[in-house]
Amino acid sequence: MNARTALVTGANRGLGLAACQRLLEAGFQVFLGSRDQARGEEAADLLRRNVDGALVSAVALDVTDEASVSSTAEHLEGLIPHLDALVNNAGISGPRVWPSEQPTDAMKQTFEVNFFGPHRVTRSLLPLLRAAPAARIVNVSTSSGSLGNVADPQWPYLANASRTLGYSASKAALNMETIQLAYELRDTKMKVNAICPGYTATAFNAFKGTRDPLVSAQIIVTYATLEDDGPTGGFFDEQGAIRW
Ligand code: NAP
């Protein structure tokens with residue numbers, strides 16, 4: 001039987017790299033998206049050393065670049081009959097300053113990567129995803145993209161999240177896409193969900209996160225391999241549903 005196939009964006013390091021490892025361990029053939037081809041190749045080599053028989057290839061993919069996204073879609077269409085899982089993981093934090101101090105250009109760039117990026121990638125890969133028996137789309141979001149959380153004075157991470165307007169708003173927009181795309185695809189076997197991996201030690205937070213990427217990546221695999229009776233259009237962390 002052919003292996004299920006997955007593409008992970010922003011996978012040359014951090015959670016994306018860990019998600020690739022977990023997907024390979026689950027038996028997927030993995031396309032490792034990296035905006036820098038050499039960094040992607042290095043990451044793929046590392047995975048080949050870590051996972052016996054790993055079927056992994058690096059793909060040059062900058063989610064902010066329409067031509068790069070189109071050429072990835074064409075490349076994959078030439079290689080595989082369908083894509084079983086798309087993990088929209090690439091993301092940037094933007095400046096960590098109070099809302100009134102957020103530079104507009106930096107916020108636009110954050111939206112470009114965190115919201116328009118996944119939208120562009122999903123749109124381009126939808127034909128390959130539709131060709132799969134029951135494709136899964138996993139949007140890597142964050143609990144600070146929850147309006148319910150940041151409107152709650154008791155939420156423990158409020159002070160930090162209130163200094164990430166560009167980031168939080170871009171992930172709230174990604175959550176909105178998750179809901180609307182799931183609705184559009186409601187009569188198919190596809191499922192689209194947003195997940196929060198938890199506070200994880202990666203370059204994203206100068207490795208201050210408290211969780212191991214390989215542990216946090218497990219939720220990505222869970223939502224990339226949901227059974228047909230699993231949820232769609234939801235937002236989850238390890239504990240279950242996150243309020244919007
Ligand atoms: P990371 O180590 O900084 O990795 C981010 C990845 O995104 C890198 O591979 C980076 O590539 C890539 N990337 C950035 N801009 C890109 C672009 N234009 N096109 C393609 N790839 C691009 O951070 P991480 O912690 O693994 O973050 C992964 C995801 O998890 C993000 O969406 C983040 O919002 C989310 N998240 C993280 C945490 C956490 O605690 N770490 C918590 C909640 C959610 P380069 O190496 O080329 O820059």
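The largest nonpolar core has 32 residues, and those with the most contacts inside it are L23, L32 and V56. By a nonpolar core I mean a set of buried Ala, Val, Leu, Ile, Met, Phe, Trp, Tyr and Cys residues joined through side-chain atoms within 4.5 Å, where buried means under 20% relative accessible area, exposed over 50%, and partly exposed in between, with a 1.4 Å probe and protein chains only. At least two residues of this core come from each of β1 (5-8), α1, β2, α2, β3, β4 (85-88), β5 (136-140) and α9 (218-224), and α1 gives the most, with 6 residues. These names follow DSSP runs numbered from the N terminus, helices being H or I with at least four residues and strands E with at least two.

Please keep in mind that this is a predicted model, in which local features need pLDDT of at least 70 and side-chain atom pairs count only at pLDDT 80 or more, while totals for chains, interfaces and linings use all residues. Residues are numbered from 1 along each chain as its sequence is written, and side-chain values use heavy atoms, with hydrogens and water left out.

What is L23 in contact with, leaving aside its neighbours within four places in sequence? Its partners are A6, V8, F28, V30, V87, V221 and A224, contact meaning heavy atoms within 4.5 Å. There is also a second, separate core of 26 residues, which includes V59, V69, V121 and L128.

Let me turn to helix α2, residues 37-50, whose buried residues are G40, A43, A44 and L47. Those four cover an arc of only 100° around the axis, which puts them on the same side of α2; the arc is taken from the directions from the helix axis to the C-beta atoms. On the other side of α2, E42 and R49 are exposed, whereas the buried residues pack against α1 (14-25), β2 (29-34) and β3 (56-60). At the N-terminal end, D36 caps α2, with a side-chain oxygen 3.1 Å from the backbone nitrogen of A38.

My last stop is T72, which lies in helix α3, residues 66-79. Is T72 buried or exposed? T72 is buried, with a relative accessible area of 3%, and its side chain reaches the backbone oxygen of A60 at 3.3 Å. Leaving aside neighbours within four places in sequence, T72 is in contact with L7, V59, A60 and L61.

Conventions
The expected span of a helix is 1.5 Å times one less than its number of residues. A polar contact is a pair of N or O atoms within 3.5 Å; within protein, one must be able to donate a hydrogen and the other to accept it, and residues adjacent in sequence count only if both atoms are side-chain atoms.
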